[in-house]
Amino acid sequence: MGMKHWLIKSEPDEFSIDRLAKVKREAWSGVRNYQARNFMRDQMQEGDAVLFYASNADPSGVTGLATIARAGYPDHLSWKKGHKYFDAASTKEKPLWYMVDLAFEEEFAGTVPLETLKATPGLEDMKVIQKG
């Protein structure tokens, strides 16, 4: 199967394209959404392309490009008592949460807002612009 394309969402104060640009590679950890977890665990593969989406930003939108640098692996932060991403239901033997490593590719000069994505022909199937 060929390379897939993903859209990852993060609040800029948690994880931003600016930070990824500085460190070049970092784990996208702390994701606590079951659908995103399933994609990370089961489908995201090294080399897949990523649109980096800043959520809860002004404006919200795509801020750059990355690639999957390491396919899904257990999110060890869920095992650290006292950490904000700790989850007592997740264990090393039966991890509940997963993460991937992202590698920086490009930061856009400006944000491509959600409204532009919605108005662009050919992007109708993107999950981020669909209702629900």
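1. Helices here are DSSP runs of H or I with at least four residues, and strands are runs of E with at least two, numbered from the N terminus. On that basis the protein chain of this predicted model contains 3 helices and 5 strands. Along the sequence, these elements are arranged as β-α-β-α-β-β-β-α. The radius of gyration of the protein chain is 15 Å, close to the 14 Å that the globule rule gives for 132 residues, so the chain is as compact as a globular protein of that length.

2. Some overall values for the protein chain follow. Taken along the principal axes, the box filled by its C-alpha atoms is roughly 45 × 30 × 30 Å. Buried residues make up 38% of the 132 residues. The protein chain exposes about 8,000 Å², and 51% of that area is supplied by carbon and sulfur atoms. Where contacts join residues at least 6 apart in sequence, 70% of them link residues at least 24 apart.

3. As to charge, the protein chain carries 18 positive and 19 negative side chains. The centres of these two sets are 7 Å apart.

4. The mean pLDDT of the protein chain is 92, and 97% of the residues score at least 70. Among the elements, strand β4 (residues 61-74) has the highest mean pLDDT, at 97, while helix α3 (residues 114-119) has the lowest, at 86. Where pLDDT is low, the predicted coordinates should not be read in detail.

5. His 5 belongs to strand β1, which covers residues 5-10. The relative accessible area of His 5 is 61%, so this residue counts as exposed; the cut-off for that class is over 50%. His 5 and Ile 68 are 63 residues apart along the chain, and their C-alpha atoms are separated by 9.7 Å.

6. Met 126 is located in the segment after α3. This residue counts as buried because its relative accessibility is 17%, and the buried class is defined as under 20%. Leaving aside residues up to four places away in sequence, Met 126 touches Leu 7 and Leu 51.

7. The loop between β3 (49-54) and β4 deserves a separate point, and Ala 57 is one of its residues. With a relative accessibility of 26%, Ala 57 counts as partly exposed. Ala 57 and Val 112 are 55 residues apart in sequence, and the distance between their C-alpha atoms is 12 Å.

8. Asn 56 is found in the loop between β3 and β4. Its phi is near 55°, a positive value in a residue other than glycine. Asn 56 is exposed, because its relative accessible area is 64%.

9. Pro 59 also has its place in the loop between β3 and β4. The peptide bond that joins Asp 58 and Pro 59 is cis, with omega about 5°.

10. Lys 24 provides another backbone detail. This residue lies in the loop between α1 (17-23) and β2 (25-28). Phi of Lys 24 is near 75°, which is a positive value in a residue other than glycine.

11. Glu 105 is part of strand β5, which covers residues 98-113. At 47% relative accessibility, Glu 105 counts as partly exposed. Not counting residues up to four places away in sequence, Glu 105 touches Leu 65, Ala 66 and Thr 67. Glu 105 and Ala 66 are 39 residues apart along the chain, and their C-alpha atoms are separated by 4.7 Å.

Note on methods:
Residues numbered from 1 in each chain as written. Predicted model: local features only at pLDDT ≥ 70, side-chain atom pairs only at ≥ 80, totals over all residues. Heavy atoms only, no water. Rg over C-alpha atoms; globule rule 2.2 N^0.38 Å. Buried < 20%, exposed > 50% of the residue type's maximum accessible area, 1.4 Å probe, protein only. Contact = heavy atoms within 4.5 Å. Areas by Shrake-Rupley, 256 points an atom, 1.4 Å probe, with all protein chains shown as cover. Lys, Arg positive; Asp, Glu negative; His and termini not counted. Charge placed at Lys NZ, Arg CZ, Asp CG, Glu CD. pLDDT = per-residue confidence, 0-100.
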